[in-house]
Amino acid sequence: MKYSAYAGSWTFRPEPKGVSRYLFDDETGKLELQETILEEIAAGAQYLDEEKGILYITDEGGRTIDGAETGGVFAVRLNEDGSFGDVLSYTETSNPKTSYLWPVKGGKYLAASNHSSSKAIRHAYIRDGKPVTEIYYDQSSLNLFSLNEDGSVSGLADALIFDSEVISGKRVFPHFHNVMADPSGEMFLACDKGMDRIVTFRITCGKLEFLQETKTEENTAPRYTVFHPQTNVVFENNENWPGICSYAYDRKNGELKLIQKLAVGDESYRRPNASDLALNASGTRLYAGLRYSNEIVVLKTDGSGYMEEVQRISCQGENPRGLYLSDHFLFCMNNVSGNIVCFPVNEDGTLNEEKAVSSEAHLPGNMSIWRKR
């Protein structure tokens, strides 16, 4: 059968980007381009609400409006045939460069994470007839958006704001890269790769409630996470260190306890390295992308958080920025070489290299498939 697949293009360069719709043939593994929208945006992440037929897309920046750097969330209605309909809304976030978004249980809200620009601004004003200057530093934030009945975003409901700090004589800026809820939907987690920490919070009555922060090793830059579907275990990768950590978590108080650290790449190479993580539905196979070596590593795991490498293959392209699991396929978005590779997943969870199919795509970074029948 053929299904609509949506791939977000990502770069901070001023060139056509946007979100493209493809027809995915699950018999051949091939993607066929149909249309592209929002070509001015760097699509940092996407969330597909299959029930409502709404595609939510983050505006991760690379452009300005009235001189200000952008950040926000688009809501795009999908037609019955999977094609793009109207852009229902564009809602600005509290800070620029919106990186990730995640649905909140109940369908009334979306959570989103934002970078900071790592910049200082010197602001001048007059005090007692004399010019005075002050320096302001950029912030980062986690946002909560309320949704209308039609799936459009009605506005910013709440925000957790995080300032830069001076650590060991150096100013360090927050840079939230992902946000995700545990399977129960009670606890949220966000990776701050700028300040080497993982923040947990909950959402109660339309408000964000900070829980705890867990520091990671210096300059590891925690990036993305995936939760085990049955146990209180979360896996986390690191942009500046080619390894994966597993943690046990307490969803009530947000506490994380390290279970295992496993290097899956060359530890002498720091940036950029690990990109994305994907975990199968049974929680037995973990897939990790490595940009430096252009590899995909497959790990055996279980509900205890234990990890062991079982396969290492080429991503069949350059810069595997995104991974996406759908049915019995793993898709790898190779951002620099401009191709999406569809790997069939074997019964044991390993990837079938020989039957992998590559399709041309423009700067792909993330993906979703609407398996509407």
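Start by selecting the lining of the largest pocket: its residues divide into 25 nonpolar, 11 polar and 7 charged. In that tally Ala, Val, Leu, Ile, Met, Phe, Trp, Tyr, Cys and Pro count as nonpolar, Asp, Glu, Lys and Arg as charged, and the others, Gly among them, as polar.

Before you click further, know that this is a predicted model, where local features need pLDDT of at least 70, side-chain atom pairs count only at pLDDT 80 or more, and totals for chains, interfaces and linings use all residues. Residues are numbered from 1 along each chain as its sequence is written, and side-chain values use heavy atoms, with hydrogens and water left out.

**Stop 1: the largest pocket**

This pocket holds about 1200 Å³ of space. Select Tyr100, Trp102, Met180, Tyr324 and Leu325, the closest to its centre of the 43 lining residues. Which strand gives the most to the lining? Colour E30 (320-326), which supplies 6 residues. (Strands, E, are DSSP runs of at least two residues, numbered from the N terminus.)

How are such spaces found? On a 1 Å grid over the protein atoms alone, a pocket is an open set of points with protein on both sides within 12 Å along at least five of seven lines, while a cavity is a set where a 1.4 Å probe fits but cannot get out; lining residues have an atom within 4 Å of a point. Points are joined across faces, edges and corners, and a volume is the space filled by probe spheres set on them.

**Stop 2: the second largest pocket**

Now pick Lys193, Gly194, Asn219, Ala221 and Asn240, which lie nearest the centre of the second largest pocket among its 30 lining residues. Its volume is about 730 Å³, and its lining has 8 nonpolar, 10 polar and 12 charged residues.

**Stop 3**

The structure holds 1 cavity of 30 Å³ or more. To find it, select its lining, including Asn237, Ile244, Val264 and Leu290. Strands E24 (243-250), E26 (274-279) and E27 (285-290) each supply at least two of the lining residues.

**Stop 4: the nonpolar cores**

Show the side chains of Tyr56, Leu142, Phe188 and Phe201, which touch the most other members of the 41-residue largest nonpolar core. A second, separate core of 15 residues includes Tyr3, Tyr22, Met367 and Ile369. (A core is a set of buried Ala, Val, Leu, Ile, Met, Phe, Trp, Tyr and Cys residues joined through side-chain atoms within 4.5 Å.) In soluble globular proteins, nonpolar side chains tend to be buried together.

Next, go to Ala190 in strand E19 (residues 188-192). Is Ala190 buried or exposed? Ala190 is buried, at a relative accessible area of 0%; buried means under 20%, exposed over 50%, and partly exposed in between, with a 1.4 Å probe and protein chains only. Beyond four places in sequence, Ala190 touches residues including Leu142, Phe176 and Phe201. (Contact means heavy atoms within 4.5 Å.)

**Stop 5: strand E1**

Select residues 2-9: 7 of the 8 residues in strand E1 are buried, so E1 is largely enclosed by the rest of the structure. E1 pairs antiparallel with E2 (residues 19-25) over 7 bridges, and antiparallel with E34 (residues 364-370) over 6 bridges. (Two strands pair if DSSP finds at least two bridges between them.) Zoom in on Ser4, whose bridge partner in E2 is Leu23, then on Tyr6, which stands opposite Ser368 in E34.

Methods
Helices (H or I, at least four residues) and strands (E, at least two) are DSSP runs, numbered from the N terminus.
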